Each structure stands twice: as structure tokens, then as C-alpha cells.
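User: Hey, can you walk me through this one? I'd like to start with pockets.

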Amino acid sequence: MRSLSFFCVLLGIGLIQACAMSTVPPKYQGQWAGTQDSCNTSSAVDSMTLADNGIQFSESSGELMSASQSDGNLHLVLNMKGEGETWTSEEVYSLASGGTVLVRYTKDSTHKYFRCNR
């Protein structure tokens, strides 16, 4: 753990371009929705929850396999399951507007989410 912390410190001063980690950083965790109104609906299809160990959607979920940060973005590899299927998803997350907006990039699409009140 100490060497990983040192590695991440080097990243912080610009000597290393990526930092591997075993959990989703706290600043990305929480409930997110496609619109502010969706934050008030418990079954909104455009909402998701990012936790330290994975992601939860209304009809699917993903277990975190790996996480890293580079160039101000969070890169996740998730083992997903839902509706009787399983797949691996490689995704990139970017925070904007002071951490109140999250942009999620997948191989097929881009999604914008708003942070729901905690």
C-alpha cells in the first residue's frame, strides 16, 4: 500500500501519467441521474449509483475489476450482469462543473449525469 501511495504522489506532481487503484475514488461515488428530476424517482432508468466496488443501474450492475486514473479521468473495467447476460465493460469517467456533472464514456456511447443530493 505504501508503494501505491508513493506512486500516486508521483502522479500528483506530474512524473507519472497513470495511477492504479482498487476502488472507485470517493469523489466519483454516489447517486447520479440523467436529469435532476430523475434524482427524485427511485426507479429512473437514467440513474446509476457508483460505489467503491462497482456500479448499479436499474436493470444491470457491475463489479469493479480494475480502476486507474490518468489525465484527470477515471478508467474502470467492470464485470457487468443484467437481464440474464454477462459482459465486460471498459469505461471512462470525467467530472465537470465542480464535481456535480459526470460524463461516462463507453465503447458505444457517451452519457451525461447529474449528482443527486446525498
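Analyst: Strand E7 (residues 85–96) contributes the most to the lining of the largest pocket, with five residues. Strands (E) are DSSP runs of at least two residues, numbered from the N terminus. A pocket is an open set of points on a 1 Å grid over the protein atoms alone, with protein on both sides within 12 Å along at least five of seven lines, and lining residues have an atom within 4 Å of a point. This is a predicted model, where local features need pLDDT of at least 70, side-chain atom pairs count only at pLDDT 80 or more, and totals for chains, interfaces and linings use all residues. Residues are numbered from 1 along each chain as its sequence is written, and side-chain values use heavy atoms, leaving out hydrogens and water.

User: Which residues line the largest pocket?

Analyst: Among them are Met80, Trp87, Glu90, Arg104, Lys107 and His111.

User: And how many are nonpolar, polar or charged?

Analyst: The lining has two nonpolar, five polar and five charged residues.

User: New topic: where is glutamate 83?

Analyst: Glutamate 83 sits in the loop between strand E6 (73–82) and E7. Its phi is near 50°, a positive value in a residue other than glycine.

User: Is glutamate 83 buried or exposed?

Analyst: Exposed, with a relative accessible area of 64%. Buried means under 20%, exposed over 50%, and partly exposed in between, using a 1.4 Å probe and protein chains only.

User: What about phi of serine 97?

Analyst: Phi of serine 97 is near 50°, a positive value in a residue other than glycine. Serine 97 lies in the loop between E7 and strand E8 (101–105).

Notes:
1 Å grid on protein atoms, 1.4 Å probe; cavity = no way out; pocket = protein on both sides within 12 Å on 5 of 7 lines; lining within 4 Å. Helix = DSSP H or I, 4+ residues; strand = E, 2+ residues; numbered from the N terminus. Nonpolar A, V, L, I, M, F, W, Y, C, P; charged D, E, K, R; others polar.
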